[in-house]
Structure formats: structure tokens, C-alpha cells
Amino acid sequence: MSQPILKAVVEDKEKFSSLGRIKNYKEKALDIDSDEESEPQEQKLDDKVVFHYKPLRSTWSQLSVVKKNGLSEGISQEERKRQEAIFEVISSEHSYLLSLEILIRMFKNSRELSLTMTKTESHHLFSNITDVYEASKKFFEELEARHQNNIFIDDISDIVARHAGCTFDPYVKYCSNEVYQQRTLQRLLATNPAFKEVLSRIESHEDCRNLPMISFLILPMQRVTRLPLLMDTICQKTPKDSAKYENCKQALKEVSKLVRLCNEGARKMERTEMMYTINSQLEFKIKPFPLVSSSRWLVKRGELTAYVEDTGLFSKRTSKQQLYFFLFNDVLIITKKKSEESYNVTEYSLREQLLVLPCEEEPGSSPARSAAGMLQRSSASHLFRLLLLCNHAGDRGEMLLGAETQSDRARWITALGQDGDGHHTDRTTLAQVEIIRTYTAKQADELSLQVADVVLVYQKVNDGWYEGERLRDGQRGWFPSECAREITCRATLDKNMERMGRLLGLETNV
């Protein structure tokens with residue numbers, strides 16, 4: 001859900017990326033592979049939450065009734081794939097629901113665990129997970145009813161669209177709470193030995209299948225991410241000239257809207273938290289700037305070297321100083337770092353008043369041209385110029401800045417130069433890469449990626465960094481090239497663009 005970057009702790013060691021950029025998790029739900037004709041079973045959460053279900057096999061073709069009646073042989077290969085895709089929605093919802101039941105029964109409802117923390121901490125950890133469970137239960141019951149009515153399912157798009165449009169509202173609240181959930185879990189694990197001990201004991205229970213609590217807590221975020229991909233797969237297997245295709249596209253539109261709402265809720269909460277934190281760390285040596293705003297967020301932060309040319313009586317020399325930049329979507333704040341959590345503000349300028357220029361090898365018209373030329377010949381610094389057309393005092397200024405690496409320079413130029421509306425590049429002309437190694441964003445301008453993600457590449461830097469757009473949700477950011485492998489098959493490239501068009505409602509010119 002596209003970009004907040006809070007680190008979460010799994011048993012004090014593991015980390016995972018946060019929701020602000022939508023993530024395509026591989027679900028860790030507990031798969032149940034029981035025979036379709038088994039007796040119905042009952043899972044009890046407490047006196048008020050009881051879930052009846054009939055276990056399902058993992059694929060449609062493996063169902064006993066399908067095998068007995070030879071149904072899979074009597075239909076086309078494409079229709080068989082469509083049935084498998086529809087059944088995957090049902091069976092994965094079943095598996096997901098069972099895992100939510102374990103989260104509630106083993107963790108949320110554990111009296112022993114609740115005694116180790118306050119009610120507020122418990123609320124931050126589990127939020128409205130019971131409401132999420134009830135929403136999933138209603139959804140699955142309708143899907144299962146249609147499955148029981150006819151093993152050959154004509155369509156489920158109406159069910160998906162209806163629940164995504166109203167029943168799934170609890171997901172937005174749950175995802176918005178993620179920033180508090182992560183922070184609370186981190187703090188409890190780090191400072192509360194009793195909590196950690198009880199949690200470890202519960203996690204070792206056979207019902208948890210050796211999975212830590214965090215694997216269950218992030219299930220709703222995983223599920224809401226996966227639904228558009230599942231529905232898009234059904235779209236791919238449905239004839240485009242049929243009414244079912246239009247119904248499926250409408251369902252895909254509804255679940256994609258749900259994902260956006262979950263993302264926006266998570267981002268808004270995290271961005272607000274970040275703004276208050278940064279605001280408390282800034283000390284204005286100049287006219288104060290009202291930083292905290294619901295429409296403002298951090299784009300990039302970091303240290304750069306500023307080079308200044310001093311003209312003496314008989315010679316010129318270049319001095320340098322370290323400056324720390326906070327770039328927001330609408331303003332740049334320049335500071336001098338006092339400590340890890342304290343900064344003196346020396347200057348600021350609205351983003352619309354910034355102009356960034358890469359330094360050329362040849363001396364330009366800049367007042368700092370001789371310094372730039374000298375530094376480019378004698379230093380490893382990667383330089384660029386930043387023009388402040390109007391700073392906090394209404395003056396015009398110019399800065400010669402140096403980054404430590406080539407990619408850092410490219411990232412600052414990209415961040416400072418963007419107008420907030422993004423680029424209008426024809427996506428069909430961009431290279432595409434497939435992610436072969438998971439990457440978790442460490443800075444605000446980076447992109448968290450999961451294996452099998454497809455990314456459109458806007459920019460490549462020689463020292464191993466790419467800037468790209470995640471195909472499934474349109475999120476932009478930087479990531480290491482070593483995590484990716486270029487896609488060269490023309491048919492695959494076109495297919496990916498078609499899928500992006502369906503997921504994001506884009507004109508892809510394919």
C-alpha cells in the first residue's frame with residue numbers, strides 16, 4: 001500500500017517493509033490440503049466467534065467431484081485455467097481465514113499475553129482484527145455457497161465487487177494502524193521481558209506452525225494486496241468479448257480501489273508521525289516555517305557537501321561544509337546537523353522555487369564555475385548545482401553540492417527536479433525487469449520489492465542502482481540492480497503492460 005519506511009521486528013531479528021508502498025507478499029497462511037468430501041469441521045475462537053467450514057483442495061482439477069465426472073477434460077484449456085483462477089480465490093481465502101482464526105485464538109485472546117501489556121498496547125497490536133475476520137468470513141461464506149451450488153463456477157466477480165465496496169471497510173482501519181502496530185511490537189520486544197517470554201511460548205505451539213506472531217499480524221495487508229492480482233488472473237483467462245470480462249474488470253476496479261484506500265490510510269498515519277518527529281528535531285535560526293501539515297510528506301533526506309569559493313586578497317580557495325537536507329513534497333529545508341536528532345535550520349525554499357542542474361565538465365556561467373571545474377578534476381565528489389530562485393528571505397541563491405556516490409547524486413537530482421506530478425514518459429518504451437531477490441526500502445525514495453515483482457525502469461546508474469515503477473501499483477522509487485533481471489521477451493513485455501493497464505487503469509498504448 002506504495003512511501004512509509006518504518007522497520008518492524010520479527011523475533012528481534014527479522015525485518016519487513018511497511019505498507020506505504022503496496023507489497024506483493026507471498027502469503028504465509030497455513031494451507032490446508034484436505035479432501036473436499038471430508039466431514040465439516042468447526043473452529044472455535046470464543047463464544048461469539050465460531051467459524052464453520054468445509055476444507056478445500058488446493059486446485060480445482062484435484063477436487064474429487066471434478067475427477068469423477070471428468071469435468072476438466074470436457075472444457076477448453078483456457079476455461080480450465082479460468083476455473084483454477086476462480087477456485088484459487090476461494091481456497092486462498094479459506095486458508096487466510098484459518099490463519100486469522102489462529103491469530104485471534106492464540107494471540108489476541110490469550111489472557112496470559114494480555115496481562116503482560118496495557119490495553120492501549122493490546123489495541124495497537126491487534127486493532128480491529130476481529131472485524132477483519134468477520135468481513136473475511138462473510139466473503140468466504142458467499143464464495144463457498146456458490147462453489148457448493150455448482151462445482152463449475154460461472155463467475156464470482158459480483159461477490160468480489162460487492163464485498164470490496166462495503167464489507168471490507170475494516171481493512172482500511174487495520175492497515176492505517178500499521179505504524180502503531182510495528183512500533184508497539186518493537187518496543188514490547190525490546191523492553192518487556194515478560195511479553196517476550198510469553199510470546200515465544202505461544203509461537204512455539206504446534207497450532208502456530210513455527211510462525212512468529214508478526215507473520216499473522218501482517219496477513220490482512222498481504223491479503224488485500226493479493227486480491228487485485230488474483231482477480232487480474234481471472235481477467236486474463238476470461239474472453240474479452242464476454243459480459244463476464246466486463247464484470248471481472250469492475251471487480252478488479254473495486255479491489256484496486258480498496259488497496260489504494262488502505263495505502264492512503266497507512267501513508268497518512270505514517271507521514272503525520274514522521275512530520276511531528278522531524279519538526280521536533282529542527283531548531284530555526286531564521287524565520288520559522290510551519291512544517292507540520294496533513295498535505296506534506298518527506299521525499300528524501302540526507303547529507304551533502306556544499307562547496308564555497310572564497311576570494312582572498314591574493315588568491316582564491318574553495319572551502320566545504322556539510323549540510324543536511326530535508327526535502328518534502330513542497331519545500332526544501334537546509335540544516336546543519338548538531339546531533340543524530342537535532343538540526344539547525346539555515347535556509348529553506350519552496351519546491352517550486354528550486355532548479356537543479358548537473359555540473360558539466362566545461363566551465364559554465366555559474367559564479368562557482370571555477371570551483372566546480374577544479375573539484376571535478378581533483379575530487380571524487382559527484383557534483384550538481386542547486387539554484388534557489390527565492391529563498392526564505394526572498395533572495396536568489398546558488399549552491400554547488402557534492403554527493404558521495406554517482407547514484408546518490410542521481411537520486412538527489414531526480415528528487416529535487418520532480419514537480420510532484422511525476423513523469424509523462426511513454427511506459428511502453430521503458431525497459432522491464434523481474435525481481436529475483438527481495439529488497440526492503442531503507443530510505444524514503446527507495447522501493448520495497450518482492451520476488452517476481454515486475455518494475456519499469458526509468459533510470460540506470462553505473463554504480464548499480466535503478467529508478468523504477470512497480471507494475472502492480474505504480475509506486476516509484478530506487479532499488480539495487482542486483483535484485484533484478486531484465487525481461488527481453490516481446491510477448492512478455494506486452495503482456496505486462498496490458499496487466500498494468502488493467503490494474504491501474506492506465507492507457508498503455510499496447
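In the largest nonpolar core, which has 74 residues, Phe107, Leu125, Phe126, Phe195 and Met213 are the ones that touch the most other members. The structure is a predicted model. Helix α2 (residues 77-108) gives the most to this core, contributing 12 residues, and because domain 1 (53-278) and domain 3 (428-506) both give residues to it, the core lies between these two domains.

**Nonpolar cores**

- Phenylalanine 126, one of the residues that touch the most other members of the largest core, is in contact with Leu103, Phe107, Lys108, Leu113, Met117, Tyr174, Met213 and Leu217, when residues up to four places away in sequence are not counted.

**Helix α15**

- Helix α15 spans residues 490-504, and its 15 residues reach 21 Å from the first C-alpha to the last, which is close to the 21 Å expected at 1.5 Å a residue.
- Its buried residues are Leu493, Asn496, Met497, Met500, Gly501, Arg502 and Leu503, and the elements that cover them include the helices α11 (219-236) and α12 (243-281) together with the strands β11 (431-435), β12 (454-461), β13 (465-470) and β15 (484-487).

**Serine 176**

- Serine 176 lies in helix α7, which covers residues 169-176, and it counts as buried because its relative accessible area is 12%, under the 20% cut-off.
- The side chain of serine 176 reaches the backbone oxygen of valine 172 at 2.8 Å, while its contacts, leaving out residues up to four places away in sequence, are with Gly265, Ala266 and Met269.

Definitions and conventions. Residues are numbered from 1 along each chain as its sequence is written. This is a predicted model: local features need pLDDT of at least 70, side-chain atom pairs count only at pLDDT 80 or more; totals for chains, interfaces and linings use all residues. Side-chain values use heavy atoms; hydrogens and water are left out. Helices (H or I, at least four residues) and strands (E, at least two) are DSSP runs, numbered from the N terminus. Buried means under 20% relative accessible area, exposed over 50%, partly exposed in between (1.4 Å probe, protein chains only). A polar contact is a pair of N or O atoms within 3.5 Å; within protein, one must be able to donate a hydrogen and the other to accept it, and residues adjacent in sequence count only if both atoms are side-chain atoms. Contact means heavy atoms within 4.5 Å. The expected span of a helix is 1.5 Å times one less than its number of residues. A nonpolar core is a set of buried Ala, Val, Leu, Ile, Met, Phe, Trp, Tyr and Cys residues joined through side-chain atoms within 4.5 Å. Domain bounds come from an automatic or database domain assignment.
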